[in-house]
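Biologist: Could you walk me through this fold, one question at a time?

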Amino acid sequence: MKKIEAIIKPFKLDEVCEALNEIGVSGLTVTEVKGFGRQKGHTELYRGAEYVVDFLPKIKIEIVAAETLVESIIETIVHTARTGKIGDGKIFVTSIEQVVRIRTGETDDTAI
């Protein structure tokens with residue numbers, strides 16, 4: 001099992017979720033986060049005054065899936081979240097040792 005964490009632009013969330021649903025992703029977690037990458041934030045103008053926005057709003061999507069689905073999930077996220085502009089985001093993939101469904105006690109693949 002693998003955990004896929006994707007950091008994307010907020011306006012791409014609905015499109016990414018619909019695409020993931022189409023390929024059979026049955027569950028995911030979405031969190032509103034803030035951060036910056038290489039762009040180090042940006043400068044905005046408000047009522048004539050400039051100020052620096054250090055942390056940009058982003059969305060973090062977390063999915064735990066069988067290893068057989070990982071590549072298709074990554075391809076789907078990359079294809080639907082890409083705008084071609086700086087700040088499109090990142091995808092991180094890590095291994096999951098164990099999963100337990102609290103309600104039934106099911107473990108691992110049956111708990112996903």
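Modeller: Happy to! Leaving aside neighbours within four places in sequence, Ala6 is in contact (heavy atoms within 4.5 Å) with Ile59, Lys60, Ile61, Ile77, Lys90 and Ile91. This is a predicted model, where local features need pLDDT of at least 70 and side-chain atom pairs count only at pLDDT 80 or more, while totals for chains, interfaces and linings use all residues. Residues are numbered from 1 along each chain as its sequence is written, and side-chain values use heavy atoms, with hydrogens and water left out.

Biologist: Is Ala6 buried or exposed?

Modeller: Ala6 is found in strand S1; strands here are DSSP runs of E with at least two residues, helices are runs of H or I with at least four, and both are numbered from the N terminus. Buried means under 20% relative accessible area, exposed over 50%, and partly exposed in between, with a 1.4 Å probe and protein chains only. Because its relative accessibility is 0%, Ala6 counts as buried.

Biologist: What is the order of the strands in the open sheet?

Modeller: The open sheet has four strands with antiparallel pairing, where two strands pair if DSSP finds at least two bridges between them. Its edge strands, each pairing on one side only, are S2 (29–35) and S6 (90–95). S2 and S5 pair over seven bridges, and Val30 stands opposite Ile61 in S5. The order is S2-S5-S1-S6.

Biologist: At what angle do H1 and H2 pack?

Modeller: Axes are lines fitted to C-alpha atoms, for helices over the stretch in contact, and angles run from 0 to 180 degrees between N-to-C directions. H1 packs on the sheet, touching S1, S2 and S5, whereas H2 lies across S1, S5 and S6. The axes of H1 (residues 13–22) and H2 (residues 70–81) are 9 Å apart, and the packing angle is about 150 degrees.
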